[in-house]
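Please look over the sequence and the structure below. The paragraphs after them walk through a few places one at a time.

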Amino acid sequence: MATQVDKAGRARAGRTVLDLASAQGAGVVTLPEALLDRGPPLYMADTSGRIRYANAAFRELAPLLREDLRTIAQGLSDSHPEVIVNHAVTRDGATRHWRARHFKMRDGIGGTYTDVTEEARAREAWSDSEARYRDVIRS
């Protein structure tokens, strides 16, 4: 099936990305979904916090989070269009650190998650090193 690259075709492609919940329910696999599933965790939700789209990475991460999107959606406004939250998630004995960026969109909210595990480990190592240095100086 060829894709039309006209104004109407681009509008249809845009709706496909935003309407993936119904496309997934119908068993339709779209190019944007295939591309987005290869990226970092992300979601789009309506203003009540109900998820309209979530890529594969977010669907895997979401059950491990202690985060209520309804509360986040209520906290976003024109004066506070973005919220950043840090998470430590432990699975199978391994802890990963994530930085969530939730933001206001035209018809709801969106969010992306960045794995900041190495940054968190470096901060922890620095803190441990600093504590050992202070102990040496005190003794």
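Tyr 113 has a relative accessibility of 1% in this predicted model, and it counts as buried because the limit for that word is under 20%. Its ring takes part in an aromatic pair. A pair of aromatic rings is described by the distance of the centres and the angle of the planes. Phe 58 is also buried, at a relative accessible area of 4%. Between the rings of Phe 58 and Tyr 113 the centres are 5.5 Å apart and the planes stand at 45 degrees, so this pair is tilted.

How many aromatic pairs does a search of the whole structure find? The search finds two. In the pair of Tyr 43 and Phe 58, the ring centres lie 5.2 Å apart with the planes at 40 degrees, so this pair is tilted. Here too distant parts of the chain are linked, since Tyr 43 sits in strand β1 (residues 42–45) and Phe 58 in helix α4, 15 residues apart. Tyr 43 is buried, with 1% relative accessible area. Through these ring pairs, Tyr 43, Phe 58 and Tyr 113 form a cluster.

Another place to look at is Asn 55. This residue is found in the loop between β2 (51–54) and α4 (56–61). Is Asn 55 buried or exposed? With a relative accessibility of 0%, Asn 55 counts as buried. A polar atom of its side chain lies 2.9 Å from the backbone oxygen of Leu 36. Leaving aside residues up to four places away in sequence, Asn 55 touches Leu 36, Asp 37, Gly 39, Pro 40, Pro 41 and Leu 42.

The confidence of the prediction is the remaining topic. Over the protein chain the average pLDDT is 79, and 78% of the residues score at least 70. Which elements have the lowest and the highest mean pLDDT? Helix α1 (residues 7–18) has the lowest, at 39, while strand β5 (residues 108–115) has the highest, at 95. Where pLDDT is low, the predicted coordinates should not be read in detail.

Note on methods:
Residues numbered from 1 in each chain as written. Predicted model: local features only at pLDDT ≥ 70, side-chain atom pairs only at ≥ 80, totals over all residues. Heavy atoms only, no water. pLDDT = per-residue confidence, 0-100. Helix = DSSP H or I, 4+ residues; strand = E, 2+ residues; numbered from the N terminus. Buried < 20%, exposed > 50% of the residue type's maximum accessible area, 1.4 Å probe, protein only. Polar contact = N/O pair within 3.5 Å; in protein donor to acceptor, adjacent residues only side chain to side chain. Contact = heavy atoms within 4.5 Å. Phe/Tyr/Trp six-rings, centres within 6.5 Å; stacked < 30°, edge-to-face > 60°.
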